[in-house]
Amino acid sequence: DVTLLAKYNLGTDYRQTTSENRVTFSDNYGWEFNPGPKEIDIFAWSKFPKTYVNNYVSWFKQKLNIDDITGNLITLLELEKLGCSIPSDYATGDDYTCANSQYASWLLNGQYWWTRSAFSDDSIRIWRVNSNGGLGGNSYNYSKSVGIRPIITVPLEILNK
């Protein structure tokens with residue numbers, strides 16, 4: 001399988017946009033968070049992320065006439081594999097960044113976006129990427145919110161066709 005990260009956050013039409021479109025992560029919480037990082041099932045717990053990701057994937061399926069596409073939000077561990085500096089205890093992240101990643105040119109897009117990783121020391125905070133690549137967290141219902149920048153996964157054999 002090949003996993004692709006959208007270049008930009010999704011707008012209200014569920015397509016990528018350079019405009020601000022920030023949404024809260026969820027209306028409630030209760031997911032496991034410790035020992036972290038624990039990945040949150042956005043389809044069970046989130047409000048806006050699951051709606052945006054599902055609509056984005058549906059659009060892709062229709063556009064490409066392929067049913068084997070899935071979508072989600074990126075995880076903190078996936079960001080670490082992409083060269084982002086991640087805290088060893090996964091508990092706090094205000095000094096951690098993707099700015100030094102070899103992939104910074106496409107990870108940093110001037111937007112804030114949610115991951116699906118919960119802070120390991122706090123059940124209500126979700127990791128997010130800042131507009132400049134910094135990593136930190138916001139409450140699941142943060143009023144100023146963060147955007148949705150989905151990942152999609154496509155089977156390699158489909159891409160080879």
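**Reading the salt bridges**

Modeller: A salt bridge here is a side-chain nitrogen of Lys or Arg within 4 Å of a carboxyl oxygen of Asp or Glu. This is a predicted model, in which local features need pLDDT of at least 70 and side-chain atom pairs count only at pLDDT 80 or more, while totals for chains, interfaces and linings use all residues. Residues are numbered from 1 along each chain as its sequence is written, and side-chain values use heavy atoms, with hydrogens and water left out.

Colleague: What is the general idea behind such a pair?

Modeller: Side chains of opposite charge can pair when their charged atoms come close. In this structure, Lys38 is partly exposed at 24% relative accessibility, and Glu32 is exposed at 57%. Buried means under 20% relative accessible area, exposed means over 50%, and partly exposed lies in between (1.4 Å probe, protein chains only).

Colleague: How many salt bridges does the structure hold?

Modeller: It holds three. Glu20 and Arg22 form one of them, with 2.7 Å between N and O. Glu20 is exposed, with a relative accessible area of 56%, and Arg22 is partly exposed, with 36%.

Colleague: Where do Asp27 and Lys47 lie in the chain?

Modeller: The side chains of Asp27 and Lys47 meet in a salt bridge of 3.6 Å, N to O. This pair links distant parts of the chain: Asp27 is in the loop between strand 1 (2–5) and strand 2 (38–39), and Lys47, 20 residues apart from it, is in the loop between helix 1 and helix 2. Helices (H or I, at least four residues) and strands (E, at least two) are DSSP runs, numbered from the N terminus. Asp27 is exposed, with a relative accessible area of 53%, whereas Lys47 is partly exposed, with 36%.

**Reading a helix**

Colleague: Which residues are buried in helix 2?

Modeller: The general idea concerns geometry: an α-helix has 3.6 residues a turn, so residues three or four places apart point the same way. In helix 2, the buried residues are Pro49, Tyr52, Val53, Tyr56, Val57 and Phe60. They cover an arc of only 125 degrees around the axis, which puts them on the same side of helix 2; the arc is that of the directions from the helix axis to the C-beta atoms.

Colleague: What do the buried residues of helix 2 pack against?

Modeller: They pack against helix 1 (42–45), strand 3 (70–72) and strand 8 (151–154), where contact means heavy atoms within 4.5 Å.

Colleague: What span should helix 2 have?

Modeller: The expected span of a helix is 1.5 Å times one less than its number of residues. For the 17 residues of helix 2 (residues 48–64) this gives 24 Å, and the end C-alpha atoms are 24 Å apart, which agrees.

**Reading the backbone**

Colleague: What value does phi take just after helix 2?

Modeller: There, Asn65 takes a positive phi of about 55 degrees. Asn65 lies in the loop between helix 2 and strand 3 and is exposed, at 71% relative accessibility. Tyr14, a residue other than glycine, also has a positive phi, near 65 degrees. Tyr14 is placed in the loop between strand 1 and strand 2 and is partly exposed, with a relative accessible area of 23%.

Colleague: Is Pro37 buried or exposed?

Modeller: Pro37 is buried, with a relative accessible area of 15%, and is found in the loop between strand 1 and strand 2.

**Reading the whole chain**

Colleague: Which pattern does the chain follow along the sequence?

Modeller: The pattern is β-β-α-α-β-α-β-α-β-β-β-β-α, with five helices and eight strands. The radius of gyration of the chain is 15 Å, close to the 15 Å that the globule rule gives for 161 residues, so the chain is as compact as a globular protein of that length. That radius is taken over C-alpha atoms, and the rule is 2.2 Å times the number of residues to the power 0.38.

Colleague: What share of the chain do buried residues make up?

Modeller: They make up 49% of the 161 residues. Of the contacts with a separation of 6 or more, 65% are between residues 24 or more positions apart.
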